[in-house]
Amino acid sequence: MSTPTLGDYLRTRGVSRREFLKFCTTAASLMALPPSMVPRVAEALENARRPSVIWLPFQECTGCTESITRAHGATIESMIFEAISLDYQHTLQAAAGDAAEHAREKAMKDNWGKYLLVVDGSIPTANAGYGTIAGVSHLDMLKEAADGCAAVVAVGSCAAFGGIPQANPNPTGAVSVSDVVKDKPIINISGCPPIPVVITGVLMQYLTFGQVPELDALGRPKAFFGQNIHDRCYRRPFYERGQFAESFDDEGARQGWCLFKLGCKGPVTYNACATAKWNNGTSFPIEAGHGCIGCSEPRFWDKNGFYQPLSTGNWGSGKTLAAAAGAGVALGAASAALGRKRQKDVEAKQS
Amino acid sequence: MTTQTPGAAERDVNKDFPLELDEPRFSVKEPKIRYDMQGDLTDEERVATAMRNFVKDFGRTAAVYMESCIHCGMCAEACHFHEVTKDPKYTPIWKLEPFKQAYKREYGPFALFFRAFNLKAKVTHEQLAEWQHLLYDSCTVCGRCSLMCPMGIDIATLISQARHGMFHAGLVPHELYAVAERAKREGSPLGATPQVFEDRIDWLADDHEIEIPLDKDKAEVLCTMSSIEIMKYPDSVVATAKVMNHLGVDWTFRTDGYEATNFGLLSGNAAWQKQMTLKLIEAAVACGAKTLILPECGHAYMALRWMGAAMYGKPLPFRVLHMAEFLAENVREKRLKLKPVHKTVTFHDPCQVSRRGGAIEAPREVLKALGVELREMTPTKGTNWCCGGGGGVVAIHRADALRHKVFQIKMKQIEDTGAELPVTSCANCRQTFDDGQAHFKWDTTMHSLLELVADNLIEDEA
Amino acid sequence: MTLLDFARGPALQWSIAIFVLGILWRLVGVFFLRTKKDLSAPRNPAAWKGLRLIALRSWPRKEFLEGTAFGEVMGYTFHLGFLVALFFYVPHLLFFESLFEGIIGTDFAGIFGFSWPAAPTGVITFLSAISIAALVAVLIHRITNPVKRLISNFDDYLSWLLTIAPLATGMLAYAHAGGIRYETLLGMHILSAEALLVWFPFGKLIHAFTIFAARGSTGMIFERRGASL
């Protein structure tokens, strides 16, 4: 039995060729591909055999799933997503219990070496019992599933970097996918949660080119994580001019001035929020008046607070400085005493 | 080439270091063999002694200075020795380099680390010998550098302190050591012993038919002279008497305290400096003087007016005035009756009196009272150029060529004013000018303010 | 821990502590050395008036200006540019405010009634650039001028390097230069400032503090004597 192609699937859902091509154009431009590539994208998508996708959820809040499946009406994104042969996904699947596990094992066996492994949530290592699915620890399940996959997509900051479970004091010993899987290509799609179109864009790229897209130093697709929020932020001119909101309801805030002083981490956060935005391009946190919390960066939860400006480093405390000052004074007094003694000794020798 | 001074026991100071008193510049005769090293220390001992003795006299202020230099090199712009040679080694703060090292190693806050890790090189004997030239031949302690330094470092004072180290290490230039030792031994660097002084007083009093009191038991004012005046400009002795008598002052000279020069200060021997200063103080105390007048000399003013109380250990029980100040005071109080002098005059500021000492206006008040047309040099007053002979430099033969180069600055300054009569109030400046005049066959002679006043007193008919 | 985390964490704590300890050691070590009361009769008893030398010595007397004007102008250009960039660029300013608040307890505006003023980034960029240019000019002068070449030592060159490094790395970070990761550039910038802090107490940079003591001492001594200031 041949699985229907993505093109077949979309046609049965009533998507016109025109609409389909429009989508491909938009998708192509999102991936910064030239217009000439659009026919290739269209062809690839149309003929794409819906690949098997196995989604393993570990220490996650299901926020990533929620974000991706947030459909405002029947968007193409959500349809494509549904069109992929999602052979295992706790939130969306119909089956449960043994049946679900069977489906997973069969999909893995049938598509060994070819299936796409999507992971969200971090993996606990402190104790196998902290996270299990059907009695199998997250760690073991990941290792087994990774063995037969073509590539891993770590969705969300938890899977990509360890995320919130990894935050101080990290009681579960949470680690990221890349900490566990060493021999397969990994695409990190960080964000807490990631932007829906970023996920579909990455999948699109993979389906079209059969390859992992160009990744940055943290394994994130450069197409979406190549620029920081600060460089694309519409409030940047205010930063340059030195106009800042000092509190959340002052004149500056109302005027839409820069939120650097209120803790915005835009300058060191890489994501597409400032361009692609959220809810179909409606808005993003800064536009809504709150600074970026850097959720697509590793350990964003443990950096200095969300409301502490980026440049306020961890300089210690008044106590440590007082101690240093005290030590300095003591050493100074001692060296002066030593110097004076040497003088007296010379004088004594001479008299 | 420095050789060691014959030990004190073997030394006949008159034979080994004969005086030369028939040249424009009075000093020790130019030595055939220079004895620029004194004592029989080993080289290592010399260095160690120099370093230790430099910091012995250190205090907080000197330490602050040592910590503050930023190596900007601007002090070189102010120094006449650098000005005429453009040789960077004459940069004033560079003259202190070995002693900066000493400070950091011996006395600074991180001294322990400097020694433990050898962070500042240990000074070598060769370095110190080289530095003898920089500290003595090419520094008149004029203080222009101190006036320039953006950090406010009083480089000149530090040079004097560095000389303490050099003296203890036995690294004083031949002539300077010789005249300093002579001063300690005989009471005068140039042979004006108390007996010679007394004889001269007798001769001058007789020759000029003027009363010159000597060794009065009690007097309101104690006058002092410099050996340069006693031996080279005896007219100044007479002028002093003339002015004192004209003013009707109850004054005296004293053979137990007359020598105002202080070669302990110039050579760097703090003990001799103290001894020489105390002589003057004790003489003033002995005769109950309320005022001690210093002669026309530069460093004499610094030695007693500003450093004397420290030598004495308590405030001086009498006023100290430079002769120019004394004259100015009497001008102000209209006691000095002067004939007008219709000449154009320019005044050379003696560094230790003017820039370093603070008596800048006094000579000018006197010149004003003399009715001269005063044409100031450029620069003048506090920033005037040094004559090049102070700080002991004029005594050192091997420094002559350098000193003469410097003198060209003064010649130009004076010529630029077009004044007929250059006047100063320091006998050492005066002899430096005399020597320069002879060397360059210059047609201008330096004059003494005191002598100018004495020559133009309006005496009441008896 | 990334380079940036290190720079903004332990490196920051240690460098500030060493700065505070070292400065106090050096200043106290000098302050408690011997002083002698001046027993001479002052010409001007109000010696404190000599403290005006602290301001006065900020510009040379005209007699000395010819050979020193270049150094003075370049020096001020660099110092002012550096100080404005350091204290009035928003990210820096916020750091100092947090330091201020952390030590004193209330924020800057709470004490002074107005918030710490910030300069527009364009002004900072301009001043940083001319500051760097002035520093380069001064280095060239130090190497080519015979006086400075003779008297310069390791301290002079290291202090120069550690002073220009934060300016240069700051500008490179701001420009996201060479396609290098911004976090790396920022980390290097912060580390270079920390290197400056660590060296500060031990070399000639201490003049930032001793200049007041040196000028002040000379001012008072000379004022007392009526000597030229």
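How many residue pairs in polar contact does the rule find across the interface of chain C and chain A, with both residues at pLDDT 80 or more?

Reply: The model is predicted, so local features need pLDDT of at least 70 and side-chain atom pairs count only at pLDDT 80 or more, while totals for chains, interfaces and linings use all residues. Residues are numbered from 1 along each chain as its sequence is written, chains are lettered from A and ligands numbered from 1 in the order in which they are written, and side-chain values use heavy atoms, with hydrogens and water left out.

Now the count. Across the interface of chain C and chain A there are 13 residue pairs in polar contact, both residues at pLDDT 80 or more. A polar contact is a pair of N or O atoms within 3.5 Å. Within protein, one atom must be able to donate a hydrogen and the other to accept it, and residues adjacent in sequence count only if both atoms are side-chain atoms.

Which parts of chain C touch chain A? Helix 1 (3–8), helix 2 (10–31), helix 5 (90–104), helix 7 (121–144) and helix 10 (182–199) of chain C each give at least two residues to that side. Helices (H or I, at least four residues) and strands (E, at least two) are DSSP runs, numbered from the N terminus. Helix 2 of chain C gives the largest share, 10 residues. By class, this side of chain C has 22 nonpolar, nine polar and five charged residues. Ala, Val, Leu, Ile, Met, Phe, Trp, Tyr, Cys and Pro count as nonpolar; Asp, Glu, Lys and Arg count as charged; the others, Gly among them, count as polar.

Next, contact and area. In all, 36 residues of chain C are in contact (heavy atoms within 4.5 Å) with 37 residues of chain A. The two chains bury about 3,300 Å² between them, 62% of it on carbon and sulfur atoms. C:Arg8, C:Arg34 and C:Leu94 supply 18% of the area that chain C buries against chain A, more than any other three residues. Buried area is the accessible area (1.4 Å probe) that two parts lose on being put together, summed over both.

Then the charges. Chain C and chain A share three salt bridges. A salt bridge is a side-chain nitrogen of Lys or Arg within 4 Å of a carboxyl oxygen of Asp or Glu. One pair is C:Asp5 with A:Arg299, whose closest N and O atoms are 3.9 Å apart.

Chain C also meets chain B. That contact takes 61 residues from chain B and 53 residues from chain C. About 4,700 Å² is buried between chain B and chain C, 63% of it on carbon and sulfur atoms. The rule finds two salt bridges across this interface. C:Arg43 forms a salt bridge with B:Glu325, with the closest N and O atoms 2.8 Å apart. Between chain B and chain C, 24 residue pairs are in polar contact, both at pLDDT 80 or more. On the chain B side, helix 3 (60–68), helix 4 (75–78), helix 9 (144–148), helix 17 (299–306) and helix 18 (308–312) each supply at least two residues. Helix 3 of chain B has the largest share of that side, seven residues. The side of chain B that touches chain C divides into 33 nonpolar, 14 polar and 14 charged residues.
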